Amino acid sequence: MFAAPFGLAAAAKARTPSVPLWLLVLAAQAIDLLGVILRLTGVESRHPDPHTGYGDLLFSDSYSHALLTAVILAVIFAAVGRRYGGARAGATVGGLVLAHWVLDLLFHRGDLTILPGNAGNLPTFGFGLWSLPTVAAIVEVGIVLVGAFLYYRSALRLPAPSIRASAGYRTQALTTVIITTGLLLLTLVVALSGFDL
Amino acid sequence: MTLLVCTALLAGLGGWLDARLNWPKPAGRGRRERL
């Protein structure tokens, strides 16, 4: 899963407009970003590495994708988010981290652990939508488009900087959202073409 | 690595979009409006 969390971030901006989009993007990808760092430092491994196609990854006793790690990251990001709009902003930013884990639960093929490193050998989870790459990609595109639409609708409701600027402002909002959506879909194309994540 | 690059790009783009559009500022942040 690659593009869908970006769509979640765009949707979250519509809910809590005072939170900067960069923070929402980082929160939505926090789990995967931690995974990249742990993999580069040799703490975590996955198969195959490098992977060869969309949705073919399996993690081994993951630290970054454990539920407890997601909860800890969510608490940290919620604390940062609170600075940008109180409890509601904190809940949204922290919720984005957890939403990524929930999406992973839908996509991954039974490799998500409860505790980091699969301590205690507890059962692992994942409903395996990646086994159906076309369906998984369609779901990702859907989340990106819905997120972009919510972002655009929210941007249009913003007051224009001045009455004279209002017409241009509408165009500007649409242009920026089209650029963003295009980039999001491009990231999915990158993922679909099997580039190493 | 692709994820790192894409996230950095989109986070940067997010900062740019926030600046371009008239999103509400968090309380106590940003420039004060002129009277």
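Q: How do α1(A) and helix α6 of chain A pack, and at what angle?
A: Happy to start there! Two packed helices are described by the angle between their axes and by how far apart those axes lie. In this predicted model, α1(A) packs with helix α6 (residues 133-156) of chain A at about 20 degrees, and the axes are 7 Å apart. Angles under 35 degrees count as roughly parallel, so α1(A) and α6(A) are roughly parallel to each other. Their crossing is left-handed.

Q: Which residues of α1(A) and α6(A) meet?
A: From α1(A) come A:A4, A:F6, A:G7, A:L8, A:A10, A:A11, A:K13 and A:A14. Their partners in α6(A) include A:I143, A:V144, A:L150 and A:Y151. By class, this contact has twelve nonpolar, three polar and three charged residues.

Q: What about α1(A) and α2(A): at what angle do they pack?
A: Look at helix α1 (residues 4-15) and helix α2 (residues 21-28), both of chain A: the angle is about 140 degrees, with the axes 8 Å apart. That makes α1(A) and α2(A) oblique to each other, because only angles over 145 degrees count as roughly antiparallel. The crossing of this pair is right-handed.

Q: Which residues make that contact of α1(A) with α2(A)?
A: On α1(A), they are A:P5, A:F6, A:L8, A:A9, A:A12 and A:K13. On α2(A), find A:L21, A:L24, A:V25 and A:A28. Nine of the contact residues are nonpolar, none is polar and one is charged.

Q: And how many residues do chain A and chain B bring to their contact?
A: Chain A gives 30 residues and chain B gives 20. The chain B side divides into twelve nonpolar, five polar and three charged residues.

Technical notes:
Residues numbered from 1 in each chain as written. Chains lettered and ligands numbered in written order. Predicted model: local features only at pLDDT ≥ 70, side-chain atom pairs only at ≥ 80, totals over all residues. Contact = placed C-beta atoms within 7 Å. Nonpolar A, V, L, I, M, F, W, Y, C, P; charged D, E, K, R; others polar. Axes fitted to C-alpha atoms, helices over the stretch in contact; angles between N-to-C directions. Helix = DSSP H or I, 4+ residues; strand = E, 2+ residues; numbered from the N terminus. Parallel < 35°, antiparallel > 145°, perpendicular 65-115°, else oblique. Left-handed = near helix turned anticlockwise from the far one by under 90°.
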